[in-house]
Amino acid sequence: MRQSILMSVIQLHTASKIINSTSQRPRPAVRDFIRLVSSGAQAVPSHALQRVSRSANPPSRSYTHSGIVLARRGGITERIRASSTACTRLRAQVAASSPLLSPSRAATPSAPACDARRHFFWSSKEPEEESRKLLDPNVVNSWMEADAGLVDPDLNLYRRTELWLSLRLLNGLDLQDFLNGCRQAYVFTSVAMYSRDWDALASVVETPCLEAMQATVDHFASAGQRIQLPEPESDAFRVISCKLRKAEVFQPAPGVAEGSCHLHVRFRVDESFTIFDFHSNEPLEPFDGRVTTQESTWVFSGVVTPPDEPSAGDAETQWRLHTIF
């Protein structure tokens with residue numbers, strides 16, 4: 001009798017827990033269990049308790065470790081698939097519109113991609129206009145060779161690639177002829193500066209650079225120093241090397257002609273002139289007439305026009321000294 005009462009108490013306690021853990025409308029297995037307990041049954045079959053327990057406490061839907069991994073892998077796969085699709089579309093647009101790719105790699109250009117690229121990079125032009133013709137890559141390759149002696153050999157791979165790409169944009173440039181002119185410009189500019197011939201420099205030197213030259217010579221005068229060049233004056237400067245170091249090509253804009261650029265030229269020059277002290281009239285070392293080697297970089301500004309286009313005047317093809325450093 002005592003065992004029967006104890007079993008009834010346990011069954012009622014279990015039923016109350018199940019009722020509290022379920023919703024307002026009990027599930028069929030719970031209703032059957034309540035009906036069985038209320039009828040006064042002495043014992044409840046074990047399979048009924050198991051059914052009620054499973055109905056009242058459904059298995060948790062929280063992800064296991066493997067489930068989390070699979071779910072994350074699915075999300076990552078979708079993002080990779082979307083990124084791959086975007087990259088494929090972008091690669092097709094670049095291949096269709098880039099003039100630097102070889103014909104075997106270039107795809108058939110699509111009009112929207114070409115128009116978008118021209119509008120982005122050449123906003124001053126209408127999309128329908130043809131882009132500027134590039135310089136023959138074989139010509140640029142011949143300039144970049146070490147045996148040619150036209151390009152600074154100390155450039156690293158990145159700077160050489162940058163220079164190669166910039167030179168391709170300067171269709172109409174004769175690099176050998178340009179550097180020969182730079183050699184003459186170095187001697188002419190140096191002699192005119194130390195001789196204070198500012199009128200001769202006004203047409204070949206830009207105003208900020210000319211003002212800096214005047215300030216340099218005035219500094220010598222304020223320090224009580226006088227510069228004397230040998231006879232003939234051109235012997236004071238002997239250019240050992242003159243090599244292109246960098247090319248900056250500017251985007252066409254109002255006031256900026258197409259083909260405008262800055263060319264950086266590295267000079268190595270043997271100089272021999274004398275600087276006298278006004279007070280003692282003695283030369284100052286090391287500028288006492290001995291030969292000294294000077295290295296500097298001169299930046300020349302100009303406009304390069306393609307050979308098949310008529311030049312608009314001498315002002316477009318004339319090079320001017322922009323800065324010295």
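Me: Is threonine 292 buried or exposed, and what is its relative accessible area?

Reply: Buried means under 20% relative accessible area, exposed over 50% and partly exposed in between, with a 1.4 Å probe and protein chains only; threonine 292, at 14%, is buried. This is a predicted model, in which local features need pLDDT of at least 70, side-chain atom pairs count only at pLDDT 80 or more, and totals for chains, interfaces and linings use all residues. Residues are numbered from 1 along each chain as its sequence is written, and side-chain values use heavy atoms, with hydrogens and water left out.

Me: Which residues is threonine 292 in contact with, leaving aside its neighbours within four places in sequence?

Reply: Contact means heavy atoms within 4.5 Å, and with those neighbours left aside, threonine 292 is in contact with Val269, Asp270, Glu271 and Pro286.

Me: At what angle do the axes of helix α6 and helix α7 cross?

Reply: Axes are lines fitted to C-alpha atoms, for helices over the stretch in contact, and angles run from 0 to 180 degrees between N-to-C directions. Helices are DSSP runs (H or I, at least four residues), numbered from the N terminus. The axes of α6 (residues 137-144) and α7 (residues 157-168) come within 10 Å and cross at roughly 140 degrees.

Me: Which residues make the contact of α6 and α7?

Reply: Pro137, Val140, Asn141, Trp143 and Met144 of α6 make the contact with Arg160, Leu163, Trp164, Leu167 and Arg168 of α7.

Me: What span should helix α8 have?

Reply: The expected span of a helix is 1.5 Å times one less than its number of residues; the 20 residues of α8 (residues 175-194) should therefore span 28 Å, and the end C-alpha atoms of α8 are 29 Å apart, which agrees. After α8 comes arginine 196, whose phi is positive, near 60 degrees.

Definitions and conventions:
Helices (H or I, at least four residues) and strands (E, at least two) are DSSP runs, numbered from the N terminus.
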